[in-house]
Amino acid sequence: MRLYDTLKRSLVELPLPPGPIRMYVCGSTVYQRVHVGNSRPFVLGMWLRSWLRETGYVVTLVHNITDVDDKVYAEAARLGIGSRELSARATEWFFEDTNDLGLGRPDVEPRATETIPEIVAFIGELVERGRAYEAGGDVYFSVAAAPDYGRLSGARLEDMVSQESSALKRDQRDFALWKSQKPHEDAAWDSPWGPGRPGWHIECSAMVRKHLGPEFEIHGGGLDLRFPHHENELAQSSALGHRFAHVWMHNGMLELAAEKMSKSLGNVVTLRNVLDAWGRDALLVFHLTGHWSKPIDFSDDAMESAAARADGFREVFRNPSDPAPADAWERFAAALDDDFNTPAALAVLHEWRDHELLRRALGIFGLESLATDDEAPPEVVALARQRVEARAAHNFEESDRLRAEIEVAGWDIRDEADGFRLVRRR
């Protein structure tokens, strides 16, 4: 299998099965209900793990949770509650919403606040090696001591501006590893440099090393994390003499009205609202339609199209199975092995009428539910039977009224030679 690597700017081959393949995907900062854009790296990581395991790899997937951050403190202050209370509540929201995607869970889901000892130790090593320095209770990484800084994102050292301005820095390009506690921050942890909390970037490097080791195969996350977050991860981890990630996968952003979805932009569509409005099947099919490395436009029209595609698969299972050609699975596998091209794989699946093969392939993406129709509740079945009686009595006005009532209840009724079939409306 080969994947596009941001660092090399080319496709690279993964080691042959069984690997192992160790994957780390940057997760969400938890302070509100996550927007639907946050589902893209989560879904991609779960799907890639599923496919790699299907093809014989031993895979470990780590998906972190950032539960201490400036945004957490700010939102907690706005709500008038403690930052730890807010992050705990928002973490549960994240679990609830991603559980409803029906893809299972990553193998490890570390939280930054549970990794403080490892973070402090990591920073201490950087200070000892002269790659970081303490200043007024803060600790900063020295960017000037990293001559290849910018190799991941293409940022040039001389063109960089301060990521966080501070009079304590020796160089405004340096970034924080440890931040001393500020008056408005209600939570802090002890360290050799005084009470405070970790910077964002060091959290991931420490969690990676704790759960996957100093080197691993795949690092995933949104394209917006390439700089400064992933550039800084690479710099601080490389400073300890390790290669760090072998492949960097940066997924394209989910866009609304041609802008990256962001809480700060005010164009948020939460994952919870999308799941409630469209259901998990339509959302997962929507994600299949876009190549992981490219932006994908989110809209009602796109979701309606995805829901129609999902219904198309359900319709296949409502009809007799038809064996696929001998090379069907190989064509499907070839699409996924070539840079995990889900749109190409989806096109292959739409050709199939083979129930067994289609069910197996859909299971890779958590869509095996498309192989079964929901069972209508008794009250809807009763309405459908009344409609059959009304049609038999040529009372078509009553028949139409009952159809409308069935549709309001969320079901379509389909007349068949031997009666009727109820299908959930999507």
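1. Over the ring of which residue does the charged end of Arg360 sit? The ring is that of Trp329, with the charged end of Arg360 3.7 Å from its centre; a charge counts as sitting over a ring if NZ of Lys or CZ of Arg is within 6 Å of the ring centre and within 35 degrees of the ring normal. The charged end of Arg170 likewise sits over the ring of Tyr133, 4.0 Å from its centre.

2. A word on the basis of these values. The model is predicted, so that local features need pLDDT of at least 70 and side-chain atom pairs count only at pLDDT 80 or more, while totals for chains, interfaces and linings use all residues. Residues are numbered from 1 along each chain as its sequence is written, and side-chain values use heavy atoms, with hydrogens and water left out.

3. The structure holds 15 aromatic pairs, a pair being rings of Phe, Tyr and Trp (its six-membered ring) with centres within 6.5 Å, stacked if the planes are under 30 degrees apart, edge-to-face if over 60 and tilted otherwise. Phe94 and Phe95 form a tilted pair because their ring centres are 6.1 Å apart and their planes stand at 55 degrees. Phe94 counts as buried at 2% relative accessibility, and Phe95 also counts as buried, at 16% (buried is under 20% relative accessible area, exposed over 50% and partly exposed in between, with a 1.4 Å probe and protein chains only).

4. The rings of Trp178 and Trp193 lie with centres 6.2 Å apart and planes at 50 degrees, so this pair is tilted. The pair links distant parts of the chain, 15 residues apart, with Trp178 in strand 7 (residues 175–180) and Trp193 in the loop between strand 7 and strand 8 (196–198); strands are DSSP runs of E of at least two residues, and helices are runs of H or I of at least four, numbered from the N terminus. Both Trp178 and Trp193 are buried.

5. Ring pairs also link Trp47, Trp51, Trp329, Phe332, Trp352 and Phe365 into a cluster.
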